[in-house]
Amino acid sequence: AAFFVALIITGFSMHFGGAPAQVVSFQTSRIVHNVSGWLLIGNFVAYIVGLALTSQWRQYLRFNDGFAGSMLEQARYYGGGIFRGEPHPEHPTEERKFNALQQVTYLGIVALVLPLVILTGIMLQFPETAPKEILGNGGVSPLAVLHTVVAYLLVAFTIGHIYLATTGETPDENIRAMVT
């Protein structure tokens, strides 16, 4: 989480470099962003290895009958039921830690979004590894756009994740559960 927050702050700082509200200089942002990116890559690799060694990868791939209906029910709950005090439609167990919507979201983040932001970040740090041309444009420019778009998706995910983490019986219940 700390690496990710550092990447968000430094990414915005580099993207909006020279703006009056710039928090960190471009040069410092670039260094911190690159170091945080490599540390996040190491963390991600360790997470993937941990999933594989503990068989927890199955948490992402358990699709039972009625999965689509469970996703819709969870979306309905998050979209309104939570505000009316309705009971949570699914409860985590050791065998099934994620509700259907979490499962699809986390699978997308772990299998697609994070690898994409990591791959584009590496190619931006080492432009010689980037394709010479993408869709008729120089390879680095479309990669920079893709990296930024995916980063904004991760920022939106993070905001939603933090919000949903505060929706337990008390605002810190879920956060305490994640830490302990």
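Which residues are linked in a network of salt bridges? Select E73, R76, R84 and E86 and you have that network on screen. A salt bridge here puts a side-chain nitrogen of Lys or Arg within 4 Å of a carboxyl oxygen of Asp or Glu.

Before going on: this is a predicted model, where local features need pLDDT of at least 70, side-chain atom pairs count only at pLDDT 80 or more, and totals for chains, interfaces and linings use all residues. Residues are numbered from 1 along each chain as its sequence is written, and side-chain values use heavy atoms, leaving out hydrogens and water.

Now zoom in on R76 and E73, whose side chains meet at 3.0 Å, N to O. They sit 3 residues apart in helix α3 (residues 67–79), so about one helical turn separates them. (Helices are DSSP runs of H or I, at least four residues, numbered from the N terminus.)

Next, pick R84 and E86: their closest N and O atoms are 3.1 Å apart. R84 is exposed at 56% relative accessibility, while E86 is partly exposed at 27%. Buried means under 20% relative accessible area, exposed over 50%, and partly exposed in between (1.4 Å probe, protein chains only).

Time for the rings. Select F12 and F16, a stacked aromatic pair with 6.1 Å centre to centre and 10 degrees between the planes. Aromatic pairs are rings of Phe, Tyr and Trp (its six-membered ring) with centres within 6.5 Å; planes under 30 degrees apart are stacked, over 60 edge-to-face, the rest tilted.

Then go to F98 and Y106, both buried. Their ring planes stand at 75 degrees, so this pair is edge-to-face.

Technical notes. Helix = DSSP H or I, 4+ residues; strand = E, 2+ residues; numbered from the N terminus.
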